[in-house]
Amino acid sequence: MKKTVTDFLLIENKQLNKDNFLLVLQSPVPVSDIFPGQFINVEIKGSPEIFLRRPFSVLNVDYEKQTISLLVKILGRGSKKLTEARLGETINAIFPLGKSFTLPDNQDHILLIGGGSGVAPMLFLSKICQLNPANVTVLIGARSVSDHIDISEYQPYGMFYFTTEDGSLGEKGYVTDHPVFSEQFNRYNKIYACGPDLMMKAIGRKAIDKGIFCEVSLENMMACGFGVCLCCVEDTKTGHKCVCTDGPVFNVNDLKW
Ligand SMILES: Cc1cc2nc3c(=O)[nH]c(=O)nc-3n(C[C@H](O)[C@H](O)[C@H](O)COP(=O)(O)OP(=O)(O)OC[C@H]3O[C@@H](n4cnc5c(N)ncnc54)[C@H](O)[C@@H]3O)c2cc1C
Ligand code: FES
């Protein structure tokens, strides 16, 4: 798929909670070829010491308005700098990068699991599928209620459940402690997940064990974002693969877990 390097216009920058920001970027070129699980590699302007681009999953796309929304969590200097960008500034990014999730169809009962900023591609997937909402369950985990973002825009697309490590919203514990995961896993024929490595492994291993289709999006550290530097490799059953080009979405059966 053709990659585009372009200057986006920042048209919205909204703080959602302590560490998470919603950035809406308007593209001068069509953004019709972006699907859930794909990411964009963003240049951090005004900080010569941060010379590598930073990867961010796509949270939402408005194909008519040519906008891409990102959920940016402040982790270090690059993400912080990005959230400080002002409306009207240009932000250079390469898109679309990586492979997307396999889109489900109307017969599927799907479970989408997002942890931390891994919620972004799950929300995009819930919206783009347009399945019967009764067949779409979305399970979102975070440390505390203050780390969860408002998902009301996505509520019509599925049934939402939450976990927090401190019990301040939804079930106390990890997503894997929630009854949707621990007791009702077999109700679903397709599982999609994005989040921290340990969470992906716990979900993936259960799906392998139960023989259920499962795709996970990995968040390995990246530099180039298009298969040149080899810093993002993951060991798979068919050898080392670049997460930025062969992933970030992988079927769990292909991974050496
Ligand atoms: C495919 C992909 C999609 C992503 N999507 C999103 C998203 O939608 N929203 C979002 O907020 N973040 C996302 N991330 C993570 C985001 O890219 C990093 O948070 C960002 O690059 C950190 O840059 P920084 O300069 O702020 O931090 P740095 O100063 O580079 O790092 C700060 C600390 O975070 C650690 N770190 C950096 N990157 C990662 C990583 N990928 N995984 C684990 N630890 C890391 C570093 O080791 C260091 O300890 C994604 C990453 C990948 C690979
Ligand atoms: S980030 Fe450079 S090869 Fe994947």
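**Strand pairing and the ligand shell in a predicted model**

Q: In this predicted model, which strand do 2 bridges join to strand E10 (residues 159-164)?
A: The two strands run parallel.

Q: What is the strand order of the open sheet of 7 strands?
A: The pairing in this sheet is mixed. Strand E11 (171-172) and strand E16 (249-251) stand at the edges. Each has a single partner strand, so one side of each is left without a neighbour in the sheet. The order is E11-E10-E9-E8-E12-E13-E16.

Q: Which residue of E12 is the bridge partner of Ile-113?
A: E8 and strand E12 (residues 190-194) pair in the parallel sense. The partner of Ile-113 in E12 is Ala-193.

Q: What is the handedness of the β-α-β crossover from E8 to E9?
A: E8 and strand E9 (residues 136-142) run parallel, joined by 6 bridges. Leu-111 has Thr-137 of E9 as its bridge partner. The chain crosses between these strands through helix H2 (residues 119-129), and the crossover is right-handed.

Q: How many residues of H2 are buried?
A: The buried residues include Val-119, Met-122, Phe-124 and Cys-129. H2 is largely enclosed by the rest of the structure, because its buried count is 9 of the 11 residues.

Q: Which residue with positive phi follows H2?
A: Its phi is near 50°. The residue that follows H2 is Gln-130.

Q: Which residue of E6 is the bridge partner of Gln-26?
A: Strand E2 (residues 20-26) forms a hairpin with E1, with 4 residues between them. E1 and E2 run antiparallel over 6 bridges, and Glu-12 has Val-24 as its partner. E2 also pairs with E6, in the antiparallel sense, over 7 bridges. The partner of Gln-26 in E6 is Thr-67.

Q: How many residues of E2 are buried?
A: E2 is largely enclosed by the rest of the structure, because its buried count is 5 of the 7 residues.

Q: Which element gives the largest share of the shell around ligand 1?
A: The shell holds 20 residues, with Lys-73, Gly-76, Gly-78, Ser-79 and Ser-117 the closest. Strand E4 (54-57), strand E6 (67-73) and helix H1 (77-83) each give two or more residues. The largest share, 4 residues, comes from E4.

Q: Between which domains does ligand 1 lie?
A: The shell residues divide into 10 nonpolar, 6 polar and 4 charged. Two domains both give residues to the shell, so the ligand lies between domain 1 (4-97) and domain 2 (110-219).

Note on methods:
Residues are numbered from 1 along each chain as its sequence is written. Chains are lettered from A and ligands numbered from 1 in the order in which they are written. This is a predicted model: local features need pLDDT of at least 70, side-chain atom pairs count only at pLDDT 80 or more; totals for chains, interfaces and linings use all residues. A residue is near a molecule or strand if its C-beta atom, placed from the backbone, lies within 6 Å of it. Ala, Val, Leu, Ile, Met, Phe, Trp, Tyr, Cys and Pro count as nonpolar, Asp, Glu, Lys and Arg as charged, and the others, Gly among them, as polar. Domain bounds come from an automatic or database domain assignment. Two strands pair if DSSP finds at least two bridges between them. A crossover is right-handed if, with the strands pointing away from the viewer, the path from the first strand over the helix to the second runs clockwise. A residue is buried if 20 or more other C-beta atoms lie within 10 Å of its own, exposed if 12 or fewer, and partly exposed in between; C-beta atoms are placed from the backbone.
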